[in-house]
Amino acid sequence: MNSRWLWLALILPGAALAHSPFKGLGDFYNGILHPLFVPAQLLVVVALGLVIGQQGVQRHLPVVAGYALGVVAGLTLIGQYPQVVAPGQLEVAILGTAVALALLVVPARALPRVLLTVLAALAGLLLGLDSLQSDPAGSARTAALFGSGVALYLLMLYPMTLAEYLQGYIWARIGTRVLGSWIAASALLVLVLALSPSGPDVVPASPAPEGYPG
Amino acid sequence: MAGLLHPVLGLDHVVAMVAVGLWGAFLGQPAIWLLPVVFPLVMTVGGALGILGVPWPAVETGIAVSAIVLGLMVAFAVRPPLWLAALIVGFFAVFHGYAHGAELPSSAGPLAFSLGFVVSTGLLHLSGVALGLLTRWQGGRRLVQIGGGVVTLIGVGYLVGLL
């Protein structure tokens, strides 16, 4: 990502407003909202946070770093080469990642740090690549992608911190696993739908509210 | 919202899901949490069959029978081995999943719909588990068993077409 464009975007919010999907909100804040309006992304982020929290954050800081690096790499790639991924092209991969991560939450077994780091980096890369909004260009796009990056990172920290904090309570440990099974089940069903013969016609790419491009 | 509402709009779905939680409470650890974890995952098998349009016989009958069987398990406080309990619950989960999965392709937001009905189903299980905690007291135990009987009667009502 070109840092000059980033700084320019941050110091010129007026110019950025012109491309705002939510009028008046600004590209940076629209970027922040993007993962919240794409359920598949949200499932990946929550599942990853839960699995890291379950495993213990202190021992798995490289996993967090791997995720952050993956997000940055994905955002940089899509920022520089927007045509590298068509909108919605990553839907299946993102859902598959959500299923894989959520299924790791269910048994709550100790996992190799390397495996988790690779999975987290892959998840970050996919989410970063899926963060392009169709409207903004130039500095506005950079600001929006930067906002998405911040949101993708912060949104992962909440379930991670919560899951780790609650590990001391048996009901919360069970709750975390139940949540994992819910995420796996719902993502798996839509994955089946996406892969079924009628799938591509019925699974919308990055579902988002009206006027908010995925 | 449609996904959240789907499981609670059919009384047969509701009572069967609550009975899963009640039975889990009767079976104690680890069934009390294992059944609600296993159910959504096995339900996806039925959901996938429904999505793919694979013909599955007597879905509604299967759901009614699930209420009868699970209700009876609670009413008579049956305690089979964990694997058998998981097998029984898993078998009926396929019928419930099929009914929900068949609706998925026609929903506007499939992921939101599936998340909605999975969460709704899970919350019904948790309601059953919460009610099942009454089994810690002798009087509560009787009450839960009576609840199992009511679930069975509702299942019979659906099976014979009275409900």
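Modeller: From the N terminus on, the elements of chain A run α-α-α-α-α-α-α-α-α-α, and the count is 10 helices and 0 strands. This is a predicted model, in which local features need pLDDT of at least 70 and side-chain atom pairs count only at pLDDT 80 or more, while totals for chains, interfaces and linings use all residues. Residues are numbered from 1 along each chain as its sequence is written, and chains are lettered from A and ligands numbered from 1 in the order in which they are written.

Colleague: What makes a stretch count as a helix or a strand here?

Modeller: Helices (H or I, at least four residues) and strands (E, at least two) are DSSP runs, numbered from the N terminus. The label α4 of chain A, for instance, belongs to residues 39–55, and A:Leu43 lies in that helix.

Colleague: Why is A:Leu43 called buried?

Modeller: A residue is buried if 20 or more other C-beta atoms lie within 10 Å of its own, exposed if 12 or fewer, and partly exposed in between, with the C-beta atoms placed from the backbone. A:Leu43 has 25 C-beta neighbours inside 10 Å, and therefore it counts as buried. In chain A, buried residues make up 51% of the 214 residues.

Colleague: Which residues does A:Leu43 touch, leaving out those up to four places away in sequence?

Modeller: A:Leu43 touches A:Ala98, A:Ile183 and A:Ala187, where a contact requires that the C-beta atoms of two residues, placed from the backbone, lie within 7 Å. With neighbours within four places in sequence left aside, A:Ala47 is in contact with A:Ala98, A:Leu101, A:Ala102, A:Val105, A:Gly180 and A:Ile183. For chain A, residues 24 or more positions apart account for 84% of the contacts with a separation of 6 or more.

Colleague: What makes a group of residues a nonpolar core, and which residues have the most contacts inside the largest one?

Modeller: A nonpolar core is a set of buried Ala, Val, Leu, Ile, Met, Phe, Trp, Tyr and Cys residues joined through C-beta atoms within 7 Å. The largest has 118 residues, and A:Ala47 and A:Ala98 are those with the most contacts inside it. Helix α9(A) gives the most to this core, with 14 residues.

Colleague: How many residues does each chain bring to the contact between A and B?

Modeller: Chain A brings 21 residues and chain B brings 23 residues. On the side of chain A that touches chain B, the elements that give two or more residues are α4 (39–55) and α9 (170–195), and the largest share, 13 residues, comes from α9(A). Ala, Val, Leu, Ile, Met, Phe, Trp, Tyr, Cys and Pro count as nonpolar, Asp, Glu, Lys and Arg as charged, and the others, Gly among them, as polar; by these classes that side of chain A has 16 nonpolar, 4 polar and 1 charged residues.

Colleague: Why is α4(B) described as roughly antiparallel to α7(B)?

Modeller: The axes (lines fitted to C-alpha atoms, for helices over the stretch in contact, with angles that run from 0 to 180 degrees between N-to-C directions) of α4 (residues 59–75) and α7 (residues 138–159) of chain B come within 7 Å and cross at roughly 160 degrees. Angles under 35 degrees count as roughly parallel, over 145 as roughly antiparallel, 65 to 115 as roughly perpendicular and the rest as oblique, and therefore α4(B) is roughly antiparallel to α7(B). The residues of this contact divide into 14 nonpolar, 8 polar and no charged.

Colleague: Is B:Ala58 buried or exposed, and how do you know?

Modeller: B:Ala58 has 10 other C-beta atoms within 10 Å, so it is exposed. B:Ala58 lies in the loop between α3 and α4 of chain B, and its phi is near 45 degrees, a positive value in a residue other than glycine. Most residues other than glycine have a negative phi.

Colleague: What makes A:Ala108 partly exposed?

Modeller: A:Ala108 has 17 C-beta neighbours inside 10 Å, and so it counts as partly exposed. A:Ala108 is found in the loop between α6 (91–105) and α7 (113–129) of chain A, and it has a positive phi of about 55 degrees although it is not a glycine.
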